[in-house]
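Thanks for coming, everyone. Please look at the sequence and the structure for a moment, and then I'll walk you through them.

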Amino acid sequence: MLPLMDWILEDLTLEKVSFRMVAVSGLLFLLLAVLFHFLLKGFGFCYHFYVTCQKLRCFPEPPRINWLLGHLGVVYPNEEGLVKIAKWVATLSPPFLTWMGPFLPIVWLAHPDYIKPVVTASAAVAPKDKLFYGFLKPWLGDGLLLSGGKKWARHRRMLTPAFHFDILKPYMKIFNQSTDIMHAKWRRLTAAGPTSIDMFEHISLMTLDSLQKCVFSYNSNCQEKPSEYIASILLLSSLVARRPYSLHNYIDWIYYLTSDGRRFRHACDIVHRFTADVIQKRRMTLSNLGQDAWLKPKQDKTKDFIDVLLIAKDEEGCHLSDEDIAAEVDTFMFEGHDTTASGLSWVLYNLAQHPHYQDQCREEIQELLHDRDIEEIEWEDLSQMPFTTMCIKESLRLHPAVTEISRHCTEDVKMPNGQVIPKRVVCLISIYGTHHNPAVWPEPEVYNPHRFDPAASKQQSPLAFVPFSAGPRNCIGQTFAMAELKVTLALTLLRFVVRLDKSQTVRRKPELILRAENGLWLQVEPLPAKP
């Protein structure tokens, strides 16, 4: 028995050793395969990066800090940064190159001829760059601003009717009412005489008030008392603008451990709950009554944004989901309040700097409304204030609300001079740079509304003035924004004189939109009431 037992134990030991050898060999082979895969990936990246660098050598670039940082830290989001961008645009050829660190090239475009191939390309060829827009995703979801491909195209077609003239006309009442509320506050503040007022603070609340009424048919009275929803939107805008300037904030899980990250999540929850609650209640009412019965009482009233989205259908008769509607609503609230507030604040600043233009606008508005009992701007009036419109456009040229937009090329894009932007490279379309390019606009730093005289405008490229972007992904709400700009500016000039506050230094600050450091303070003085 003993020899038999020895043989069995010896055999088992040999099998165990063989199994271990096979297992170890297999594991080593797997590790080698993984290593080889990553080596191939690394080689592919290095080869692609080398080819891209060779193609980019034809683009001029300003001096780098060093090879590691590239141009990081050369341009800060402040007054000096904007001056430097204007200098680059004036001295370098239209497309020029900067580096974010050693591996991320960015091609800047600041001339109508050179932005054209990118902005007019399809959304598939030049989609929005995820690096620059990704921080908005947890707040705005897959709305028009952030979505791409077929989803973006479908939503764009479905949302276009929401901005038809017939839908926008009734909003004029809301614009007038919200402006009246802001002006009532200004009259109280100026009761003892001219008072310095921060335009951004007051106008942001006014535009949010208008949007809540246009989007939700909801009056939060946010211009007179605090609103948790409005405060959350203002906080989110501030947090998103601040996030890119700390490297650790680019990693989501680290960011959400910070104080800003926790506040961001909490504010997102508040905004999402409010939007979802309104949509669910409206959807339930629609389901209970049916579309015809639900729409009947709204025929002579203002249809809000949610009404239009709930009944919107695509080519196959499919509706938007509640999640899709929420994303579009949150996007509209974000894009609609900040950009319009920036545009209004800066046009008032420019007219305060140039009182003769301010007087000319006021005379135009007074002439338009001279035989009316009620100071109210109607839809038909919007086309009857040509000089005021010229002043708004020149202000949007000099101080565009959005200073830049980015695209990520999925194909090589050829420039008019023969240069080629390689695929996978980020293109930064500098709206500010285009508007301040001396080759496009002579004396670009001078505020001159006559640039937009119809006769002079015919000589300019349509892409020389792009405050609302251009091409297939231009701003869908630009008619809404211009209508609100005109209404508020006209009523403000009719009732108040605005002057510069000499005690305050105005320094521009490009964030998500173009702001002013420490606010944009103007002296406001009420005009005598109409007898």
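**Salt bridges, a sheet and a helix pair**

Let's start with one arginine. Arg157 has a relative accessibility of 45%, so Arg157 counts as partly exposed. Here is the scale: buried is under 20% relative accessible area, exposed is over 50%, and partly exposed is in between, with a 1.4 Å probe and protein chains only.

A word on the source. This is a predicted model, where local features need pLDDT of at least 70, side-chain atom pairs count only at pLDDT 80 or more, and totals for chains, interfaces and linings use all residues. Residues are numbered from 1 along each chain as its sequence is written, and side-chain values use heavy atoms, with hydrogens and water left out.

Back to Arg157. Which residue does Arg157 meet in a salt bridge? The partner is Glu315, at 2.5 Å, N to O. A salt bridge here is a side-chain nitrogen of Lys or Arg within 4 Å of a carboxyl oxygen of Asp or Glu. This pair links distant parts of the chain, 158 residues apart. Arg157 sits in helix α6, residues 149-159. Glu315 sits in the loop between α14 (305-311) and α15 (322-353). Helices and strands are DSSP runs, numbered from the N terminus: helices are H or I with at least four residues, strands are E with at least two. Glu315 counts as exposed, because its relative accessibility is 60%.

In general, side chains of opposite charge can pair when their charged atoms come close. How many salt bridges does the structure hold? It holds 30.

Next pair: Asp322 and Arg283. Their closest N and O atoms are 2.6 Å apart. Asp322 is partly exposed at 31%, and Arg283 is partly exposed at 21%.

Now Arg243. Is Arg243 buried or exposed? Arg243 is buried, with a relative accessible area of 3%. Its salt-bridge partner is Asp252, with the closest N and O atoms 2.6 Å apart. Asp252 is partly exposed, at 43%.

One more item on charge. Lys137, Asp142, Lys151 and Asp324 are linked in a network of salt bridges.

On to the sheet. It is an open sheet of four strands, in the order β1-β2-β7-β4, with mixed pairing. Two strands pair if DSSP finds at least two bridges between them. Why is one side of β1 and of β4 left without a neighbour in the sheet? Because β1 (95-100) and β4 stand at the edges, each with a single partner strand. Neighbouring strands are turned by 30° against each other on average, direction ignored.

Look at β7, residues 426-430. Five of its five residues are buried, so β7 is largely enclosed by the rest of the structure. In a regular strand the side chains alternate between the two faces of the sheet. In β7, Val426, Leu428 and Ser430 point one way, while Cys427 and Ile429 point the other way.

What flanks β7? Strand β2 (residues 104-109) runs parallel to β7, joined by four bridges. Ile106 stands opposite Val426, and Val107 has Cys427 as its bridge partner. Strand β4 (residues 404-408) runs antiparallel to β7, joined by five bridges. There, Ser406 stands opposite Leu428.

Helix α3 (residues 112-119) lies across β1, β2, β4 and β7, running at about 130° to β7. Axes are lines fitted to C-alpha atoms, for helices over the stretch in contact, and angles run from 0 to 180 degrees between N-to-C directions.

Another strand to find is β11, residues 521-526. Strand β3 (residues 195-198) runs antiparallel to β11, with four bridges. Ser196 is the bridge partner of Gln523. Strand β8 (residues 496-500) also runs antiparallel to β11, with five bridges. Phe496 stands opposite Pro526.

Last stop: a helix pair. Two packed helices are described by the angle between their axes and the distance between the axes. Helix α16 (residues 355-369) and helix α17 (residues 386-398) pack at about 140°, with axes 8 Å apart. Residues in contact (heavy atoms within 4.5 Å) include Tyr357 and Ile365 in α16, and Pro386 and Phe387 in α17.

That's the tour. Questions, please.
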